[in-house]
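Here is a briefing on a predicted model. It covers sheets, helix contacts, annotated spans and backbone angles.

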Amino acid sequence: MQILTPHVYWAQRHREIYLRVELSDAKNLDISLQENTLQFKAQGHGAKGDNEYEFSLEFLEPVRPEVSHKSTQRQVDIKIRKQEERWWDRLTLQEKKPLFLAPDFDRWLDESDAEMELQAKEEKINRISVESRVRKDPYLGLKKGYLFMYNLVQFLGFSWIFVNMTVRLFILGQDSFYDTFHTVADMMYFCQMMAVVEVINPLLGLVKTGFFPAMIQVAGRNVILFVIFGSLEEMQNRPVVFFVFYLWSTIEIFRYPFYMLACIDTEWKLLTWLRYSIWIPLYPLGVVAEAVAVIQSLPIFDETRLYSLPLPAALGGSLSFSYTLQLYLVLMFLGLFINFRHLYKQRKRRFRSRKRKVN
């Protein structure tokens with residue numbers, strides 16, 4: 001009598017073997033492991049109609065004697081634990097694959113993908129273990145509420161600046177460049193004074209971002225806003241003000257809502273991508289615009305002697321503030337490198353973790 005064999009599909013992980021037997025409405029299941037060989041016999045509807053089907057598989061390496069299986073109307077799923085957690089080159093001891101056996105591409109992973117999946121599972125288990133041991137912060141809700149409100153206020157402030165400048169640009173064209181400061185400076189002052197909080201938050205442990213990158217960005221912007229634009233009336237009517245403010249606000253209208261939603265454990269994929277991608281062209285452009293503003297202010301500081309440092313009578317005169325700004329230009333581009341590297345690492349970690357979640 002001819003022995004009928006069902007179609008069997010297999011996949012593996014470092015710890016388990018998965019078998020999917022194409023046998024619908026299976027009954028009278030007889031599945032056993034003897035001397036590293038799986039024996040399967042059942043009645044059901046397979047490739048040859050309603051019949052009794054059976055097969056055997058001798059595995060490449062030792063497996064544990066326990067077999068777990070689940071029968072559905074369409075198939076029989078079998079899971080077997082390996083004796084050692086390692087990757088097999090093939091499933092069976094015999095090199096030639098049985099004709100009824102094929103890869104289960106619905107569950108198939110190569111070794112590197114399986115390692116990533118295993119690592120993600122271990123990280124999740126470790127995180128749950130750590131979270132169960134760590135005492136919950138009784139003020140967590142209050143902290144999240146504070147951060148949510150801060151990011152909301154900043155988002156509304158920079159959105160007002162962005163929309164105001166955009167509307168004026170469409171209505172007035174290039175003429176809007178020359179009165180940007182007088183139109184939106186008050187709101188920009190407010191937002192940048194509020195931004196000092198971003199330097200304090202890491203010190204208080206309210207956020208996980210680094211202290212130095214936040215300090216570099218906030219201090220750099222405040223030098224441009226308060227020292228260059230705020231103290232020199234000659235700079236306030238120049239087009240560079242428009243480009244600096246517009247680039248700042250464009251970055252922030254995506255950054256602050258991202259952090260705001262994070263406070264309530266919510267994520268929008270498009271917003272996440274924009275937050276971690278749009279700064280790549282805009283941040284260097286913003287630094288270039290700031291550098292142009294500094295360079296344009298140098299002759300004004302030389303002429304007005306504003307903020308000049310008095311020197312002893314023997315040396316005569318005073319030391320112009322423009323020399324400090326020239327040093328600041330060097331530090332500005334050094335800060336660009338530090339911040340760019342920090343933000344790029346954040347972006348890389350973020351999308352790597354998202355890829356693991358998807359897999």
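Over how many bridges do β6 and strand β7 (residues 76–82) pair, and in which sense? They pair over six bridges, in the antiparallel sense. Strands here (E, at least two residues) and helices (H or I, at least four) are DSSP runs, numbered from the N terminus. Two strands count as paired if DSSP finds at least two bridges between them.

This is a predicted model, in which local features need pLDDT of at least 70, side-chain atom pairs count only at pLDDT 80 or more, and totals for chains, interfaces and linings use all residues. Residues are numbered from 1 along each chain as its sequence is written, and side-chain values use heavy atoms, with hydrogens and water left out.

**Five-stranded sheet**

- Five strands form an open sheet with mixed pairing, in the order β6-β7-β2-β1-β8.
- β6 (63–71) and β8 (101–103) stand at the edges with a single partner strand each, so one side of each has no neighbour in the sheet.
- Neighbouring strands of this sheet are turned by 25 degrees against each other on average, direction ignored. Axes are lines fitted to C-alpha atoms, for helices over the stretch in contact, and angles run from 0 to 180 degrees between N-to-C directions.
- β6 and β7 form a hairpin, with four residues between them. Within this pair, His-69 stands opposite Ile-78 in β7.
- Strand β1 (residues 8–12) and β8 run parallel and are joined by three bridges. Trp-10 has Pro-103 in β8 as its bridge partner.
- Strands of a sheet pair through backbone hydrogen bonds, either parallel or antiparallel.

**Three-stranded sheet**

- Three strands make an open sheet in the order β3-β4-β5, with antiparallel pairing.
- The edge strands are β3 (24–34) and β5 (49–58), and each pairs on one side only.
- On average, neighbouring strands of this sheet are turned by 10 degrees against each other, direction ignored.
- β3 pairs with strand β4 (residues 37–46) over seven bridges, in the antiparallel sense. Ile-31 has Phe-40 in β4 as its bridge partner.
- β4 and β5 pair over ten bridges, again in the antiparallel sense. They form a hairpin with two residues between them.
- Gly-46 has Gly-49 in β5 as its bridge partner.

**Contact of α6 with α8**

- Helix α6 (residues 239–262) and helix α8 (residues 279–304) have axes that come within 9 Å and cross at roughly 155 degrees.
- α6 and α8 are therefore roughly antiparallel to each other. The classes are roughly parallel under 35 degrees, roughly antiparallel over 145, roughly perpendicular from 65 to 115 and oblique for the rest.
- α6 passes α8 in a left-handed crossing. A crossing is left-handed if the near helix is turned anticlockwise from the far one by less than a right angle, and right-handed if clockwise.
- On the α6 side, the contact includes Val-240, Leu-247 and Trp-248. On the α8 side, it includes Tyr-283, Gly-286 and Glu-290. Contact means heavy atoms within 4.5 Å.
- The residues of this contact divide into eleven nonpolar, three polar and one charged. Ala, Val, Leu, Ile, Met, Phe, Trp, Tyr, Cys and Pro count as nonpolar, Asp, Glu, Lys and Arg as charged, and the others, Gly among them, as polar.

**Contact of α3 with α5**

- The axes of helix α3 (residues 180–194) and helix α5 (residues 211–229) come within 11 Å and cross at roughly 145 degrees.
- α3 passes α5 in a left-handed crossing.
- α3 contributes Phe-181, Met-188, Tyr-189, Gln-192 and Met-193 to the contact. Residues of α5 in it include Arg-221, Asn-222 and Phe-229.
- The residues of this contact divide into eight nonpolar, two polar and one charged.

**Annotated spans**

- An unreviewed UniProt entry places the feature "transmembrane region" at residues 145–167, 244–264, 276–301 and 321–344. UniProt positions are given in the numbering used here, feature names are shortened, and annotations may be inferred rather than shown by experiment.
- Residues 145–167 are 100% helix and 0% strand, with end C-alpha atoms 32 Å apart.
- Residues 276–301 are 96% helix and 0% strand, with end C-alpha atoms 37 Å apart.

**Backbone angles**

- Most residues other than glycine have a negative phi.
- Asp-25 has a positive phi, near 50 degrees. Asp-25 is found in strand β3.
- Arg-305 also has a positive phi, about 60 degrees. Arg-305 lies in the loop between α8 and β9 (309–310).
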